[in-house]
Amino acid sequence: MTPIVISNVQAVVDQWGALAGITDRAEMTVKHPTMQITRDLLSDQHDQTIDREIQVVIMGTTGVAFAGNKASRALLTSADVLRTDDIRRQVATLRSQGARTFTGGYFKGIFDPFVEGDLTKDPTFVNAGVYS
């Protein structure tokens, strides 16, 4: 039998939110779909806030891997970009440590658009859509 270990974790909770006011007059007289546009803009803001907060948390952890297998952020140069080998190494690390996968046995990654650009330039990178 394996005992369950309980740990105390302290954290500061922040609340994020946004409001958009639409008057009934604007809703009735404007030819554009005001409510739909507002919903779309608030959804985008939500997604960007979540992405930013994920990045803040990740940047504060010690379990960070750097491109080119560098040991620290200070050792990175402009030539150190994310490559397929970096992702393979991280997937192997996650699997060896028993990390849970998502549907289909895959992991998910969150990338900055510039990192995505670097990765897609790698000649060994294959987009998941190719497999479908």
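The report below turns to the salt bridges and then to the pockets.

This is a predicted model, in which local features need pLDDT of at least 70 and side-chain atom pairs count only at pLDDT 80 or more, while totals for chains, interfaces and linings use all residues. Residues are numbered from 1 along each chain as its sequence is written, and side-chain values use heavy atoms, with hydrogens and water left out.

**Salt bridges**

A search of the whole structure finds 5 salt bridges, the term standing for a side-chain nitrogen of Lys or Arg within 4 Å of a carboxyl oxygen of Asp or Glu.

| Pair | Closest N to O distance |
|---|---|
| Asp80 and Lys70 | 2.8 Å |
| Arg88 and Asp85 | 3.2 Å |

Asp80 forms its salt bridge with Lys70, and since both residues lie in the loop between helix H2 (34-59) and helix H3 (84-96), the pair ties together parts that are 10 residues apart in sequence. Helices here are DSSP runs of H or I with at least four residues, numbered from the N terminus.

Arg88 and Asp85 are 3 residues apart in helix H3, a separation of about one helical turn, and Asp86 and Arg89 in helix H3 are likewise 3 residues apart.

**Pockets**

A pocket is an open set of points on a 1 Å grid over the protein atoms alone, where a 1.4 Å probe fits, with protein on both sides within 12 Å along at least five of seven lines; lining residues have an atom within 4 Å of a point. The largest pocket has a volume of about 2,200 Å³, a volume being the space filled by probe spheres set on the points. Of its 48 lining residues, Leu82, Ile87, Gly109, Ile110 and Phe111 are the closest to its centre. Helix H3 gives the largest share of this lining, 10 residues, and the lining of the largest pocket divides into 25 nonpolar, 13 polar and 10 charged residues. Here Ala, Val, Leu, Ile, Met, Phe, Trp, Tyr, Cys and Pro count as nonpolar, Asp, Glu, Lys and Arg as charged, and the others, Gly among them, as polar.

The second largest pocket holds about 160 Å³ of space, and its lining, which includes Trp16, Leu42 and His46, divides into 4 nonpolar, 4 polar and no charged residues.

Note on methods:
Helix = DSSP H or I, 4+ residues; strand = E, 2+ residues; numbered from the N terminus.
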